[in-house]
Amino acid sequence: MIDWIAGVGRSTLSQVSDLGRASLMLMQAIFGRSNVGVYGRLTVDQIYAVGVLSLSIIIVSGLFIGMVLGLQGYTILTDYGSEQALGQMVALSLTRELGPVVTALLFAGRAGSALTAEIGLMKATEQLASLEMIGVDPLRRVVAPRFWAGVISLPILSLIFVSVGCLGGALVGVSWLGVDSGSFWANMQASVDFFDDVFNGMIKSVVFAIVVTWIAVYQGYDLVPTSEGIARATTKTVVYASLAVLGLDFFLTAVMFGEI
Amino acid sequence: MYSRRLELSVGAFVLLGALCLAFLALEVSGLASTGDNGTYRLSARFDNVAGLTTRAKVSAAGVTVGRVVGIRYDKATAAAIVDMEISQDFAEFSEDTSASILTAGLLGEKYIGLSTGGDPNNLADGDMIYDTQSAIVLEELIGKFLLNMSSEK
Amino acid sequence: MTASAFVEIEDVGFRRDRRVIYDGLNATVPRGKITAIVGPSGTGKTTLLRLIGGQLKPESGDVRVDGVSVQSLKRAELFQLRKRMGMLFQSGALFAELSVFENVAFPLRVHTDLDDELIRLIVLMKLEAVGLRGAVDLVPSELSGGMQRRVALARAIALDPEMIMYDEPFAGQDPIGLGVLLSLVKQLNQALGLTSLVVSHDLQETLSIADHVIMIANNRVAFEGSPAVMQSSNDPLVQQFLHGSPDGPVRFHFPAPALEDALS
């Protein structure tokens with residue numbers, strides 16, 4: 001029993017010190033002395049790696065989720081004879097919830113794990129140590145561009161996801177199931193508010209971007225530099241990032257939409 | 001080593017994001033359709049606004065002409081005052097216009113319906129509508145119905 | 001301590017997790033000479049290089065490079081100091097996404113404002129020195145392990161450092177590659193007047209080029225002096241290490257209770 005309590009205490013302490021190390025790392029990466037010209041270009045490089053290369057999975061998933069929403073929504077709404085509200089349903093679920101959350105989850109799996117593995121591999125092959133010895137801070141050279149690229153890319157991906165999803169919903173609802181096109185879009189426009197729904201959804205997305213990318217780069221930077229360590233850290237990134245996204249989503253939703 | 005293709009695709013990526021934002025703003029949330037020519041404000045006094053929320057539609061003859069922007073409680077008259085923003089495109093409501101709180105469908109959300117009267121003078125920014133019909137509260141309706149039943153016996 | 005010492009290590013203690021790596025370590029690295037750091041595996045020879053480079057901090061004691069105490073430096077000052085040191089990592093540690101040229105040019109681009117033409121000239125000179133000018137446009141994955149190490153060496157000397165640290169430069173090399181690297185280390189030391197610090201397991205080869213040997217065992221320096229003195233040393237530890245005997249002061253068995261006790 002005593003052992004068990006001691007174990008809980010130890011693991012709590014190690015969690016807290018992990019959080020502390022991660023915060024320090026982020027601080028150093030973002031607020032250290034910077035060389036905007038060089039690091040800007042590196043960030044563009046990384047936006048390609050984490051953003052552009054995630055595009056296909058985001059578009060395909062967005063399309064399918066929009067189509068499923070169209071199908072499911074139609075069957076439920078016809079029970080109440082209000083299939084005109086399909087546009088509203090599809091758009092609201094996408095802008096407020098599914099867009100930011102599903103994009104962040106996919107991003108954690110596709111780009112987050114890749115970031116962890118990449119940084120981890122640089123650590124295992126001593127490239128990070130080598131940078132340090134050359135007199136370049138790897139936090140600024142390696143971690144910072146990847147962090148910023150993630151923070152920039154995820155909201156853009158989320159916008160694309162929501163847009164494609166709405167089109168997917170329209171495709172199923174209007175083209176296949178025969179909901180009137182005019183009422184589909186009019187209902188959508190009447191119920192979706194740019195600031196309350198689209199903009200708040202984007203704020204969610206930015207928060208998720210910061211958290212997911214932070215977890216990914218930290219796990220990569222802090223891992224045990226062996227092949228087993230890289231594998232474990234990659235898994236951790238996906239698990240922690242997904243849990244963090246879902247947990248934060250609840251709080252953000254409560255704050256943003258709780259009163260409406 | 002810094003390839004042009006990479007720059008191009010990142011640029012296209014950001015552009016695609018901007019296009020999607022525009023799509024969401026214009027097509028999905030219909031941002032452009034309201035507030036294009038500015039709005040003006042009308043208020044209406046209701047005895048009961050149960051179920052009405054801010055951002056609810058304001059419609060006239062079934063056409064959306066504005067939105068509810070605020071609901072206040074007026075202590076002096078013990079009534080609710082609803083502030084509405086009406087698009088300038090629909091500036092011609094007569095002074096004897098009536099406002100009623102309606103429900104879209106059986107289970108739908110509450111909205112305000114305006115029906116214009118015959119007065120030659122039009123309402124202007126900041127005016128108050130006094131001719132109102134409150135929200136129907138289901139419990140009151142059932143209460144009245146039961147009362148009628150018992151009095152008929 | 002002599003005035004000609006480039007690195008002075010004084011009474012350094014260091015632990016990793018709870019395992020003691022050093023306990024009161026004292027050593028000096030003479031300026032402009034080749035110093036070999038040898039010792040059984042797991043005695044923390046690489047750790048010593050990291051302490052000198054300031055990537056790790058000792059728990060006690062003092063590491064001084066050219067008279068400056070490394071662990072007391074601020075981050076920016078440390079990076080300044082590191083410009084004067086080159087380090088060759090075991091794996092080469094070339095940046096995988098950059099070409100050979102860009103790898104060697106990297107320290108120059110980061111630390112100098114030289115124009116592209118001058119950088120190109122320097123890079124080609126450094127690559128010529130390691131015999132790989134022909135590989136300038138390749139990427140690291142197209143090179144063999146030995147060539148990667150030579151490119152890394154060219155990168156390490158790009159800024160003309162005063163000291164260069166080699167971490168296991170000969171590990172896993174065929175005899176030819178080993179010979180090439182050996183003569184390179186020697187040539188660079190003589191031609192550039194570099195202070196060289198070589199950590200290696202390949203005892204005979206390393207001793208053949210070293211001017212000074214530091215042997216680490218049992219958490220401290222077991223021997224320090226010239227190779228010739230080392231060969232004739234009577235210390236059983238040194239003798240065991242030189243001749244590769246399986247048993248002696250460094251035990252074959254990992255510390256454990258007696259076998260009889262464990263089995264009963």
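Figure 1. C:Gly244 counts as exposed, because its relative accessibility is 56%. The model shown here and in the other views is predicted. C:Gly244 sits in the chain C loop that runs between helix H9 (236-243) and helix H10 (259-263). Along the chain, C:Gly244 and C:Pro40 are 204 residues apart, and their C-alpha atoms are separated by 10.0 Å.

**Figure 2. Strand E10 of chain C at C:Ala222.** C:Ala222 belongs to strand E10 of chain C, which covers residues 220-225. C:Leu263 is 41 residues from C:Ala222 in sequence, and the C-alpha atoms of the two are 35 Å apart in space.

**Figure 3. The contact of chain A with chain B.** Chain A brings 31 residues to the contact and chain B brings 24 residues. Between them, chain A and chain B bury about 2500 Å², with 71% of it on carbon and sulfur atoms.

Figure 4. One salt bridge is found across the interface of chain A and chain B. This salt bridge joins the side chains of A:Arg41 and B:Glu7, at 2.8 Å from N to O. Polar contact between chain A and chain B comes to three residue pairs, with both residues at pLDDT 80 or more. On the side of chain A that touches chain B, at least two residues each come from helix H2 (36-50), helix H4 (86-124), helix H6 (138-176), helix H7 (181-191) and helix H8 (194-222). Helix H6 of chain A gives the largest share of that side, nine residues. Sorted by class, the side of chain A that touches chain B holds 20 nonpolar, five polar and six charged residues.

**Figure 5. Helix H2 of chain A at A:Thr43.** A:Thr43 lies in helix H2 of chain A. Its relative accessibility is 12%, so A:Thr43 counts as buried. Apart from neighbours within four places in sequence, A:Thr43 is in contact with A:Pro145, A:Trp148 and A:Ala149.

Figure 6. Over all chains, the count is seven aromatic pairs. One of them is A:Phe194 with A:Phe195, an edge-to-face pair with 5.2 Å centre to centre and 85 degrees between the planes. A:Phe194 counts as buried, because its relative accessibility is 12%. A:Phe195 also pairs with A:Phe199, again edge-to-face, at 6.0 Å centre to centre and 65 degrees between the planes. A:Phe195 and A:Phe199 are four residues apart in helix H8 of chain A, so about one helical turn separates them. A:Phe199 has a relative accessibility of 43% and therefore counts as partly exposed. One aromatic cluster is formed by A:Phe184 and A:Trp185 together with B:Phe23.

Methods:
Residues numbered from 1 in each chain as written. Chains lettered and ligands numbered in written order. Predicted model: local features only at pLDDT ≥ 70, side-chain atom pairs only at ≥ 80, totals over all residues. Heavy atoms only, no water. Contact = heavy atoms within 4.5 Å. Buried area = accessible area lost by both parts, 1.4 Å probe. Salt bridge = Lys/Arg side-chain N within 4 Å of Asp/Glu carboxyl O. Polar contact = N/O pair within 3.5 Å; in protein donor to acceptor, adjacent residues only side chain to side chain. Nonpolar A, V, L, I, M, F, W, Y, C, P; charged D, E, K, R; others polar. Phe/Tyr/Trp six-rings, centres within 6.5 Å; stacked < 30°, edge-to-face > 60°. Buried < 20%, exposed > 50% of the residue type's maximum accessible area, 1.4 Å probe, protein only.
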